[in-house]
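Biologist: I'd like a close look at one part of this protein, the metal site. Could you walk me through it and then show me what sits around it?

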Amino acid sequence: MAALFEHGLFAHVVVLITLFLFSPGFCVSPSSTRPNILIVFADDLGYGDLSCYGHPTSESPNIDKLAAEGLLFTQFYSANSVCSPSRAALLTARLPPRTGVWPDVLRPSSTGGLPHSETTIAALLKPLGYTTGMVGKWHLGVGKNQTYLPSNHGFDSYYGIPYSTDMCPCLKCFYPADPCWDTCDTRFTSCPIFQNSTIVEQPADYTTIAQKYSMEGRNFIARNAKSGKPFFLYYATQHTHFPNFAGKQFRNSTRRGAFGDSLAELDWEVGQLLEELKLQNLEKNTFVFFTSDNGPSLFYQVRGGMAGLLKCGKGTTYEGGQRVPAIAYWPGKIQPGRTRELASTLDLLPTIVNLVNGTLPEVTLDGYDIRSILFQRSKSPREVFYYFYSQMSPKYGVYAIRYKQFKAHFYTQGYILSGLFNHDGDCRPTAARTEQNPPLLFNLDEDPSEAYNLGNDPEYTDVLNEIGEIKQQFEAGLVWRESEINKPKDPSVEPCCNPGCHPFPTCCSCTKFGT
Ligand code: MG
């Protein structure tokens, strides 16, 4: 030490250490250590649609890679069996009765939307220094003056079609000019693509949607990588919702027909996002979660997806309506594997907020922090899941409740999107609402297909009583918010690139925006 002093080296060392400690590289601010968050939300993708979930001919190599290197959930639930209520719940961790996004879905002419008083994941992350972006299908309202679009719900940027691609008169679905299988909904204006609150393309070209979305997603990731700010990207692809569509690269590319081609394009979108993360060296600092908003639309038969071994599909409270594929991916942080623990889209908000040391909103949340499943591979804090029918109402309340491995149905009802001609009559729209007393009871660990009712077996009376008490307590504390979807429709709020034009709605076509 004396020698150091003698040669003035000590002073040099002190200066060097000081410079190092306060250099930008070392003195890491809390925000820059926060992970990036990427949620990829598929549309109407069923439990049985992916090859990593057992489909024999689907081609989804990128999602399969995600599953092989990430954590695959076998008992993961979307919060509802149709788009809008499910999406509201994903972003707010609140069941549809609480958000007001019930029953059924928002239309282009809907005057309601996700209430501004609801707090989204984006709104919670933004004050923590996150850049928040949304690409794709919003489906939580447009409304007058675009008041419900993502920029009014905590997102810094938005690019996409704000609802489903069948809510517009679809014409061309496959490259170069193959028509769509159906005409979709001709009552509304053609599908618009918004950039923030401006329409940049109308009608949207379905054969290039996936390309544009993935490019937007990649650019968003690249921009944030350069800025060094953490980001939250909510990427909600239009695939695999009806109508099936795909660009040049994927038309007739699979053995699974038009649905398979759409799925292959969805898989490609996932691959594009992962490639950008890798390119930007962000893979190890990004929590990726892939899942679907609801079960398959069996009305469209082979063009509508599959629920695998699960009963019924979209619109119902059977397992096929709400149990969906889900994969968590974070190299180095989440060990590859498979979990049978119970979890839901409702759990993403509390998990993400805790992951980034944020603060939960001061409202009743229906989600749990599932970091125990992700990082310790231990038990889920979730023991209960509530199923609300797509056409829900306060009069009938919760249709079914899962408690641990048991599921009790208090009401059952089929739905048109589970198939007019479904081989299982319980799924068809002709299966009217039926009060089940005693409730139907299934042990989902032993009987995931809900085939063998235990509700009449005295051995299970205690289980039914226990679930009955859970129902009573839950419903006693549940406040139904006024329905946003039942608010009056108004064609003047339909997105139109040529406002006030005639004849409406066909005049809402601005080829100059087309690409
Ligand atoms: Mg959907």
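Is D293 buried or exposed?

Modeller: D293 is buried, because its relative accessible area is 0% (buried means under 20% relative accessible area, exposed over 50%, partly exposed in between, with a 1.4 Å probe and protein chains only). Before going on, a word on the model: it is predicted, so local features need pLDDT of at least 70 and side-chain atom pairs count only at pLDDT 80 or more, while totals for chains, interfaces and linings use all residues. Residues are numbered from 1 along each chain as its sequence is written, and side-chain values use heavy atoms, with hydrogens and water left out.

Now the metal. The magnesium ion is held by D43 (OD), D44 (OD), C83 (SG), D293 (OD), D293 (OD) and N294 (OD1), at 2.1 to 2.6 Å. Donors here are N, O and S atoms within 2.8 Å of the metal (3.2 Å for Na, K and Ca), and with water not among the atoms, sites may look incomplete. The angles among the six donor atoms run from 55 to 159°, and the site is irregular.

Along the chain, the donors follow the spacing D-D-x38-C-x209-D-N. C83 in helix α4 (residues 83-92) and D293 in the loop between β10 (286-292) and α9 (319-322) are 210 residues apart, so this pair links distant parts of the chain. Helices (H or I, at least four residues) and strands (E, at least two) are DSSP runs, numbered from the N terminus. C83 counts as buried too, at 2% relative accessibility.

β10 takes us to the sheet. This is an open sheet of 10 strands with mixed pairing, in the order β8-β7-β4-β3-β9-β1-β10-β11-β2-β12; two strands pair if DSSP finds at least two bridges between them. β8 (198-201) and β12 (337-344) are at the edges with a single partner strand each, so one side of each has no neighbour in the sheet. From one strand to the next, the twist averages 20°.

Helix α3 (residues 61-69) lies across β2 (71-77), β10, β11 (326-329) and β12, at about 65° to β11. For such angles, axes are lines fitted to C-alpha atoms, for helices over the stretch in contact (heavy atoms within 4.5 Å), and values run from 0 to 180 degrees between N-to-C directions.

Notes:
Tetrahedral: all angles 85-135°; square planar, octahedral: opposite > 155°, others 65-115°.
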